[in-house]
Amino acid sequence: MKLLLVEDEEALRQTLVEALRENGYLVEVAVSFEQAYEKIKLYQYDCVLIDLTLPDGDGLDLVRTLKSDGSAAGVLILTARDGLDDRVQGLDLGADDYLTKPFHLSELNARLRALLRRRQFNGHHHIVFRDLLVWPDLSEAHVRGEPLNLTRKEYDLLLYFLANPGRVLTKEAVAEHLCGDAVDTADSFDFIYTHMKNLRRKLQEKGADEYIQTLYGVGYKLLKE
């Protein structure tokens, strides 16, 4: 899952980035309003974590921008501003949750898991898709009861498809989801083909054939049946 962390306090930012990456998230960082605004305009995220008090702007305006753009990203506000008015305004603008500093990392992870479940999988703790059974919180996947042993990138790729069944996902979108804005410096998309080949092979070895369709020159689609 790809996150954008908008936080100007360096020590807290480094702690959060390290903790989130240890939990398997792909984390991009913005240290100012301007940088965050540019990123949410250019890239897609599963969730954006926004500090309200930024050196060059108000984080609530980033929430407004995400919602006016029709972004599908979840929004989790992280702030020391614990006044009721700020909380209500943030939620009214479309934020999904609000966490007041200081907070425990375990609570942040729990809020993130719940938010992503609501946003992508209708709040379910597990996903059933044809012969697949996936537990996102546990990073586990099974095909007809048999465990599917995937790398982190392969698992993220599978979840990305499961969150978008039947939708055409372009090569560019898949690359950005797996690598974040570092994809801008990639010489080619060959790494996508490698991950796709390995994921398909592992699915087929468990009897899950014809799940992912290649649309040559365009991208990929997870077939519903």
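Guide: Two strands count as paired if DSSP finds at least two bridges between them. Strands (E, at least two residues) and helices (H or I, at least four) are DSSP runs, numbered from the N terminus. This is a predicted model, in which local features need pLDDT of at least 70, side-chain atom pairs count only at pLDDT 80 or more, and totals for chains, interfaces and linings use all residues. Residues are numbered from 1 along each chain as its sequence is written, and side-chain values use heavy atoms, with hydrogens and water left out.

Visitor: What makes β1 and β2 a pair?

Guide: Five bridges join β1 (residues 2–6) to β2, and the rule asks for at least two, so they pair. The two strands run parallel, and Lys2 stands opposite Leu26 in β2.

Visitor: Why are β2 and β7 said to stand at the edges?

Guide: The open sheet has the order β2-β1-β3-β6-β7. β2 (26–30) and β7 (97–100) each have a single partner strand, so one side of each lacks a neighbour in the sheet.

Visitor: Why is Cys47 called buried, and what is Cys179 called?

Guide: Buried means under 20% relative accessible area, exposed over 50%, and partly exposed in between (1.4 Å probe, protein chains only). Cys47 has 0%, so it is buried. Cys179 has 26%, so it is partly exposed.
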